[in-house]
Each structure stands twice: as C-alpha cells, then as structure tokens.
Amino acid sequence: MSGAGAIDEGEDTARLVLAAARTLLQNGEDTSGVLSAARSLGEALGRSMEAAPHWGEIGIRVDGQLAGIAPVTPWGVNMRRVVGTLTAVDAARAGRLKGPALARAVAEAAEARAANPWLFALMCGLGAPALSVINGASHPVVLAIVGVAAFGGGLLRRVMGGRLGIDDGLAQLFAAALLAGVAGGVAVRCGVPAASGLVALGPLLVLNPGPSLMSATFDLMGLRMPLGMARLAYGLLSVVALSAGMLIGAGLAGGVTPDWRSPTPHLLWWQDMACAGVASAAYAVFFSMPYRMLALPVVMGASAHGLRWLCLTTFHLSNASASGVACLLVGVVVEPIARRWRLPFAAVGFASVVAQVPGSYLFRMGAGLVELQRVGAGAPLKLLAGIATDGGTALLTMVTMALGLAIPKSLWMRLGANQRF
C-alpha cells in the first residue's frame, strides 16, 4: 500500500486528531502536552500520528506524511476546552469512546463556553486591586478606581470578543489599557492621593501576558525555537500594546502622564497571602477553569506568595530569587495534579504565581520603549537607563519563575512520571 493510500484511508482519523490538537494548542495546553495527546489519540485509533504545531497553524502527520493543516493562534486560555479534550482522549484510549461518539466529544469540548462575561469582569475588578496592594497601593480611593477601571476593561474585552467579534488579543488588551490610562489621567488631574501611576497601572496588572511568556520559556527549553520565539514575541507585543494604550489614554484624559513609581509595599504575611489568593482566583476564572478545581490555584497562589514573603523578609533573598523559590514549590505540587486533572500546566502554574509576575517593571519598560520611539535619537540617558533597568529586572524575575515551574516538569518527564495517558 502506498503512503498516499494510507493517508486517504485515515483521512477521517487525521481530521479528528487534528481537531483535538488544534483545540489544545488554541486554549493554553503546553506544546509537549499537545504532542503527547495527538500521539496518544492516534495510537488509540490505530494510526501513527504526530502533531506539528506552529504559530498560525498546526499540522498533523500520518506515518510521516502531512495529512492536514488547521489555522490556530495560541494566545488564549480556556481550561474547560482543554479538560474536555483530554478527557475525550483518555476515554478513547480506554475504549469507552469510539467512532461518532468520540468525534462528537471532541467537537463539544472545542465549543465549551468561556467564563460568564459578568463574572469575568467582576474578577477583573477584584484581582486588579489585590495585585495593586501587593505592588504598594493602600489608599481606598486608589483601590476603588483601579477596581472600577479593571471591571470596565474586563467587560470591554468580552464585548469586543463576543458581540463585536473582534477576536484579536492585542486589540482587546489595547482597548482595556486605553480605559485604564484614561482613569489614571483623570486621577492625576483630580489630585487623587497616593501614587497616581498605580491607578493606571493597577488595571493593567490583570492583563499581563504571563501565559505566553511561560509557554515560550517551556518551548525554548524544549528546543522548539520557532514556536517559542513566536510566543515570546507575542508576549512582548502585548506589553507594548498595554503600555501604549495606557499612555494614549492618559493623554486623552488631559495630556498628563501618570507617575509610574510604586511605593514600597509593607504587608503582613497574611495580607500578602490573602491578596495573592484573590489574584489567583481571578486568573483561574479568566482561564475558564472548572469551578470544582478553583481551590488548587487559590491555595497554591497564597502558599507560594507566603513562601516568597518569608524568603524576602527572613532570608533576605532578592526579588528574583524569592520568586524562583516560590515557583519551584508550585511546580513540584501542581505538575502531578495538573496531569491528573487534565489541566494545562502553563495556565494552572501561572494562575498560581501571577501575584509574583513583575508587572510594574514590564509595563514601565513598555512605556519607556513607547517614549523612546517618540523622542528618537535625542533620548536622555535617564530614559535609556530606566528601560534597561526595568527590562533587566523583569527578565531576571521571569526567568527564575519559569525555571522554578519548568524544572519539576522536566524532572517528571525524565523520571517517566509524566505519562499523561
């Protein structure tokens, strides 16, 4: 039998495996999980199949030959779709789902609804003030404005993606940041007490592109360079879009620029842990995590931030080192649980450590880059030094965080404990 004939006979099977792999990649599953699921589903259907994921498309190979391609833009996260798809693959391997029933289960998983728009917006309104407190905000007026602006930004994003059909992650982030910038600009003109920059920065903290940056790190560590670099580029573009939107919004509010400097936070350990738990719950909702599983990121987020607080205050570690240690704890605990519950590790891990992401440094760097483009070659040395310092701090912290999450994942793979199916 020729290779072409083999592909023709397995056309339906290839389409089914391609649909499952596309759903996983589109909705936050890390690349290694996508490859494993496609291979396992192909084996359950009696064929040798391999997924070929790229930014913009994913292909499926049958017996080494390309059998199909589907478009995909892996910037979003919907854990319900991932859980549904992986559950269907499990059932196929166990022989509980076959033929049309299996195809129907995969199709239904791909259509699983995201979190309720009002709940999504509400959690934006709660998560942003919690992250602002961790970053140094304390005045009730500042926190109230941050919450309202974040609620409005979350609702705007869902309206754009739903009713308006604007399924563009960068456009949605820019619009939400524009609203945050207007709030920050108005706060400056009204003389809001405390650091006015936190009014504009606070709503942005729930928009940081952590999942893209984490997934990029995992891909780069797995030597999947093209996809890893594409994810990294998207994450950096997200930072620039958020920073530009904030600055433009502040300008529209009266031509003022909010003060980006954040006061030093002085939180007790329980306050730190409580805010981190709220932020983790918010991101679990953003990622449409099944409600029965919400306790995992909340408990891990609070515990990890408590460990970070201990490392900073008792052992006097640097911010990057303390975040790395905390993420190591999350990686050790979450990796086996995520595999057991069929959850995307990058999304669950990020929801658990979101409070440690150096969002203020990332957005200050992005704002500096936007400002650098405006002033051109005459940029003052202070601006250049600020961009380098903020970018270096954010990069070092993100690297230690990613390593803390990735090292346990790699150890599970080497020990053979990572077999998903």
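Ala279 counts as buried because its relative accessibility is 1%, where buried means under 20% relative accessible area, exposed means over 50%, and partly exposed lies in between (1.4 Å probe, protein chains only). You'll find Ala279 in helix H12, residues 269–286. Helices here are DSSP runs of H or I with at least four residues, strands are runs of E with at least two, and both are numbered from the N terminus. Setting aside neighbours within four places in sequence, Ala279 is in contact with Ala130, Leu131 and Val354, contact being heavy atoms within 4.5 Å. Gln172 sits 107 residues away from Ala279 along the chain, and their C-alpha atoms are 20 Å apart.

A word on what you're looking at: this is a predicted model, so local features need pLDDT of at least 70 and side-chain atom pairs count only at pLDDT 80 or more, while totals for chains, interfaces and linings use all residues. Residues are numbered from 1 along each chain as its sequence is written, and side-chain values use heavy atoms, with hydrogens and water left out.

Now zoom out. The chain has 17 helices and three strands. Its radius of gyration is 22 Å, close to the 22 Å that the globule rule gives for 421 residues, so the chain is as compact as a globular protein of that length. That radius is taken over C-alpha atoms, and the rule is 2.2 Å times the number of residues to the power 0.38. Of the 421 residues, 53% count as buried. Among contacts with a separation of 6 or more, 74% are between residues 24 or more positions apart.

For burial on the scale of a whole element, look at helix H15, residues 345–353. Nine of its nine residues are buried, so H15 is largely enclosed by the rest of the structure. Phe345, Phe350 and Val353 are among them.

The strands come next. S1 (residues 49–54) and S2 (residues 56–62) run antiparallel, joined by six bridges; two strands pair if DSSP finds at least two bridges between them. They form a hairpin with one residue between them, and Glu50 stands opposite Arg61 in S2. S2 also runs antiparallel to S3 (residues 65–72), this time with seven bridges. In the hairpin of S2 and S3, with two residues between the strands, Asp63 takes a positive phi near 55 degrees.

How many salt bridges are there? The count comes to five, with a salt bridge defined as a side-chain nitrogen of Lys or Arg within 4 Å of a carboxyl oxygen of Asp or Glu. One of them pairs Asp219 with Arg231, the closest N and O atoms being 2.7 Å apart. That pair links distant parts of the chain, with Asp219 in helix H10 (residues 210–221) and Arg231 in helix H11 (residues 225–252), twelve residues apart. Both Asp219 and Arg231 are buried. Salt bridges that share partners join Asp219, Arg224 and Arg231 into one network. Arg224 meets Asp219 at 3.0 Å, N to O, and Arg224 is partly exposed, with a relative accessible area of 23%.

Finally, the outside. Leu415 is in helix H17 and counts as exposed because its relative accessibility is 73%.
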